[in-house]
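Here's a quick briefing to get you started. Take a look at the chain below, and then we'll walk through a few spots.

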Amino acid sequence: MLTAGLISILSNPMCIVVIFVGVVMGIIFGAIPGLTCVACLSMFLPVTYVMSDVMGLSMLTGIYIGATSGGLVSAILLNIPGTPSSIATCFDGRPMAMKGEAGKALGTGVLSSLIGTIIGVMAMILIAPTLAKLTIQFGPWEYFAVTVLALTLIASLCGDSVLVGVISALLGMMFATVGLAPIDSAHRFTFGSLNLTSGFSLLPVLVGLYAISEVMKAAIKRAEKADIVSDFKIKGFGLSLKEAKSQLGNWIRSSLIGLGVGILPGIGGSSANIIAYSVAKNSSKHPEKYGTGIIDGVCATESSNNASIGGAMIPLLTLGIPGDGSTAILLGGFMLHGLTPGPMLFQTDGATMYGIFASMILAAIMMAVVMYFGMRGFVKILKVPPYLLYPVIVVLCFVGAFAINNRVFDVLCLLLFGVLGFAMRSLDVPLPPFILGFILENAFETNLRRGLQYANGNFFEIFQRPIAVGLLAFSIIFLVVTLVRGNKKKAKACTVETGCDAC
């Protein structure tokens, strides 16, 4: 069926053209800070109305794949994640660019994106029904346990001080509670403001913390651009065969993490890349090298966020449940073309579905080709004088923030979180825990309250749910192992500095 779908796609030149256009537009929207996958899908959804089912949905999935991958460009070159899925790419991608390895970082990211997308799509094709049966058994307690597991990863993102990292995460969760409560719609911290009833949108928070604060930092540190070498020679994707072999385990593990996280509605690629980065760091023999500019971090983040595409499509196609804003618009695209995602979709429209699967594989290959040949053009961004580049970035950020809900309030939020991000950077407070806390707070609170409602207020009923208990146990083990490793690292550093074993 997949072969037949691929043949039908390749035999239709217009279908190939629209997939290519979708991938290119997705990359552009993903690479420009402030413009997201959701914005691009929203703009092109009406365009697909005049197309056939396969052609229109292939264009939308091409945008989805291109935008998820495009975020690595600004993450590596400007230290500004183009999309929430590229937050952790900044951690090692930017230091590589600062060391004159921008081309290698981009090549590694593109190759990792291709691998992650292919693994995610193939998993979607092969095991979608089985995975859908597993996730349909998840109730509020299981989703609560998953968010607890994700929050324990904060310990590995905190740098030298776990306490400071926890404070950062709690601060993010605090900002996420502003607005209407998820269950009873009670007003919280709105202070009588109509704008605050909607809470803070993720895009102004993310772009403010990273993009605006980065511009403020660059305005103070003018000499930063001189440290970057933008002229480079690159063979293939920049990795040697030995380096590629050393990353095989990392690619597979991170892709599986992205696939698993993508399946769970409400979490998605914005958390998958941070989780995969944390797991890769904790699994490494040299965790201290992470954050200094190594390919391991880029491989982990870019393979995981692209694998989450296939994961997010599984509940969408088999259960009709969108996991994030992008898949919600894709759901609208399916319904626009008269297709109803759910258990009967493959029986009623099997040929169409396998055509879409084939187009996703083709889109992944196109994405890699477009980004590879555009790599040298991307690196030219480094040659643009900061006084020309950063004002353009700020304007685009403002446009992107305003375009979400057409509210000036979101632009003001962008400035607020920009100042907050600059203050946190100045005080060496890590930003990733803040973002993770902000993203996961809603799922954490919603599922906890739902679980308590079902259990009539008895929290201990969670111990009657084997999957939830297993996830919580794993969370505790992960947290203990992380803290023990941190203490050993501190003790070793103390021994080296003092020359004694007193620590």
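At what angle do the axes of helix α2 and helix α3 cross? Roughly 140 degrees, with the two axes coming within 8 Å. Keep in mind as you look around that this is a predicted model.

**Two helices that cross**
- Helix α2 covers residues 13-31, and helix α3 covers residues 37-44.
- Angles over 145 degrees would count as roughly antiparallel, and α2 and α3 cross at roughly 140 degrees, so the two are oblique to each other.
- As for handedness, α2 passes α3 in a right-handed crossing.

- Val-162, Val-166, Leu-170, Leu-479 and Leu-483 together make a nonpolar surface patch of about 360 Å².
- Two elements give two or more residues to this patch: α8 (162-176) and α21 (466-498).
- Helix α8 supplies the largest share, with three residues.
- Leu-483, one of the patch residues, sits in helix α21.
- Leu-483 has 35% relative accessibility, so it counts as partly exposed; that label covers values between 20% and 50%.

**A glycine tucked inside**
- Gly-355 is part of helix α16, which runs over residues 350-373.
- Is Gly-355 buried or exposed? Its relative accessible area is 1%, and buried means under 20%, so Gly-355 is buried.
- Gly-355 and Ser-58 are 297 residues apart along the chain, yet their C-alpha atoms are separated by 8.3 Å.

Methods:
Residues are numbered from 1 along each chain as its sequence is written. This is a predicted model: local features need pLDDT of at least 70, side-chain atom pairs count only at pLDDT 80 or more; totals for chains, interfaces and linings use all residues. Side-chain values use heavy atoms; hydrogens and water are left out. Patches are made of residues with over 30% relative accessible area and no salt bridge: like charges are joined within 9 Å, nonpolar side chains (Val, Leu, Ile, Met, Phe, Trp, Tyr) within 5 Å. Accessible areas come from the Shrake-Rupley method with a 1.4 Å probe; for residues, only the protein chains shown count as cover. A salt bridge is a side-chain nitrogen of Lys or Arg within 4 Å of a carboxyl oxygen of Asp or Glu. Helices (H or I, at least four residues) and strands (E, at least two) are DSSP runs, numbered from the N terminus. Buried means under 20% relative accessible area, exposed over 50%, partly exposed in between (1.4 Å probe, protein chains only). Axes are lines fitted to C-alpha atoms, for helices over the stretch in contact, and angles run from 0 to 180 degrees between N-to-C directions. Angles under 35 degrees count as roughly parallel, over 145 as roughly antiparallel, 65 to 115 as roughly perpendicular and the rest as oblique. A crossing is left-handed if the near helix is turned anticlockwise from the far one by less than a right angle, and right-handed if clockwise.
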